[in-house]
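Thanks for coming, everyone. Let me put the structure up, and then we'll walk through a few of its contacts.

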Amino acid sequence: MNVGVAHSEVNPNTRVMNSRGIWLAYVIGVLHVVLLSIPFFSIPVVWTLTNIIHNLVMYLLLHTVKGTPFETPDQGKDRLLTHWEQIDYGTQCTSSRKFLSISPVVLYLLTSFYTKYDPAHFVVNTASLLSVLLPKLPQFHGVRLFGINTY
Amino acid sequence: FFSQIDVHLELEDQLAKFMRTEEAIIYSYGFATIASAIPAYAKRGDIVFVDEAACFAIQKGLQASRSNIKLFRHNDMADLERLLKEQETEDQKNPRKARVTRRFIVVEGLYMNTGDVCPLPELIKLKYKYKVRIFLEESLSFGVLGEHGRGITEHFGINIDDIDLISANMENSLASIGGFCCGRSFIIDHQRLSGQGYCFSASLPPLLAAAAIEALNIMEDNPDIFQTLRTKCARIHEALQGISGLKVVGETFSPALHLQLEESCGSRENDMKLLKRVVDYCMNNGIALTQACYLEKEEKCLPPPSIRVVITVEQTEQELDKAASLLKEAAQSVLN
């Protein structure tokens, strides 16, 4: 194979969030969505929508989809784990995990500011934030509430 | 994979044509064939039903696969059905888990450890009833059973598409090294990247691949050698029947028989010493035999100590008779 391509990582999914440039791409990606949404709605609605869509997509990609899209040499050890649980082979509080936990909070703060702390927007944004922060807690590692998404 | 040249591809094509399957894949080490094929499909959380008398290579493959192993008594279809029924009730309790669990049955065509055949027609019925996949290991039956040597599927007249994967050693009847797996393209192609023994190893020496091709040509050109082999096996089987102190274990048409002690002398070590004396007696008089060797601590179900007698089609009738009479003499002198 090519020089410098071989790696001994059993599950590459665990190191995706540590890759070069992914945090920057993530930040720019979010800003991209914000900028795109502006012309049609009022500013508070745009920000609330950005917040909700960001959290929804994050929940789906990190906490719903399980396993790996490629074949791993570890005989399916992570077949029942979500991407969040696979990051860094299950080590808690690594820098990638901290970054991914803080970014919805930062987005929430910006959203609350831009919606002028309106009560209806507040309810929606807080619910969305909680839905994406709770699964990231170390106590929730491997927890499946009501047996949903177990297999 | 590494250093694969046209001879290997030719051998794969010829094997696929001979066995009448869509595709075949060559491994460079016979033991690694089934030991890589099983973990390529069975992963953690899957269930594999395997016969107790499965050979060591199968056991290592199962160990590498990390799946749940359920052993059933040798050739006992009732036991297997009981296990399958238990699994079915478990599945009904948790259907979501059952949907992601794969189930396999691993059997050998002609068992190396006991010399008998697996009841394939009943297995096919069980397969369709309980939705399990069958992996057939044909190391001893390839080139032995069936009219044209295609193995146990030809012997029983079963459609080859009913078996999901056939794996065989080329080290027995093809007199080469390595092994092959054959089946549908969809199944075999998966092993090109997931079969650890294929992907992370080099191909077998081209000379031996050419030798295997030549052996296949011989098999195709002279289909009567299989009948000759079976008559010779039957002859030896009969000739060895009357030996006092040793009993013959194996089918009449099996080229590998085991001679076990009729009454054991207490410990396995003593049995093995006694058998060694028989083997040495034969060796001193011109016949080479071997004891069946096992890694005692690693086998799941250790078979009793025995002398393994193997017959080839090239041996003449006089040689076979001489060997049988010498064994009788050896048993007489050593065991009495």
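A search over all chains of the whole structure finds 23 salt bridges. By salt bridge I mean a side-chain nitrogen of Lys or Arg within 4 Å of a carboxyl oxygen of Asp or Glu.

Some ground rules. This is a predicted model, where local features need pLDDT of at least 70 and side-chain atom pairs count only at pLDDT 80 or more, while totals for chains, interfaces and linings use all residues. Residues are numbered from 1 along each chain as its sequence is written, chains are lettered from A and ligands numbered from 1 in the order in which they are written, and side-chain values use heavy atoms, with hydrogens and water left out.

Start with B:Arg133. Which residue does B:Arg133 form a salt bridge with? The partner is B:Asp164, and the closest N and O atoms are 3.7 Å apart. This pair links distant parts of the chain, 31 residues apart. B:Arg133 sits in strand E5 (residues 133-137) of chain B. B:Asp164 lies in the loop between helix H7 (152-156) and strand E6 (165-169) of chain B. Helices (H or I, at least four residues) and strands (E, at least two) are DSSP runs, numbered from the N terminus.

Buried or exposed? Buried means under 20% relative accessible area, exposed over 50%, and partly exposed in between, with a 1.4 Å probe and protein chains only. B:Asp164 is buried, at 8%. B:Arg133 is partly exposed, at 48%.

Next, B:Arg235 and B:Asp321. Their salt bridge has its closest N and O atoms 3.0 Å apart. Again, distant parts of the chain are linked: B:Arg235 is in helix H12 (residues 225-239), B:Asp321 in helix H14 (residues 317-335), both of chain B and 86 residues apart. B:Arg235 is partly exposed, with a relative accessible area of 33%. B:Asp321 is partly exposed too, at 35%.

Now a network. Salt bridges link B:Glu12, B:Glu23, B:Asp189 and B:Arg192. Within it, B:Asp189 and B:Arg192 meet at 3.6 Å, N to O. B:Arg192 is buried at 16%; B:Asp189 is partly exposed at 44%.

Last, a sheet. Four strands of chain B form an open, antiparallel sheet, in the order E8-E9-E11-E10. Two strands pair if DSSP finds at least two bridges between them. The edge strands are E8 (246-249) and E10 (290-291) of chain B, each pairing on one side only. Four bridges join E8(B) to E9 (residues 256-261) of chain B. There, B:Val249 stands opposite B:His258 in E9(B).
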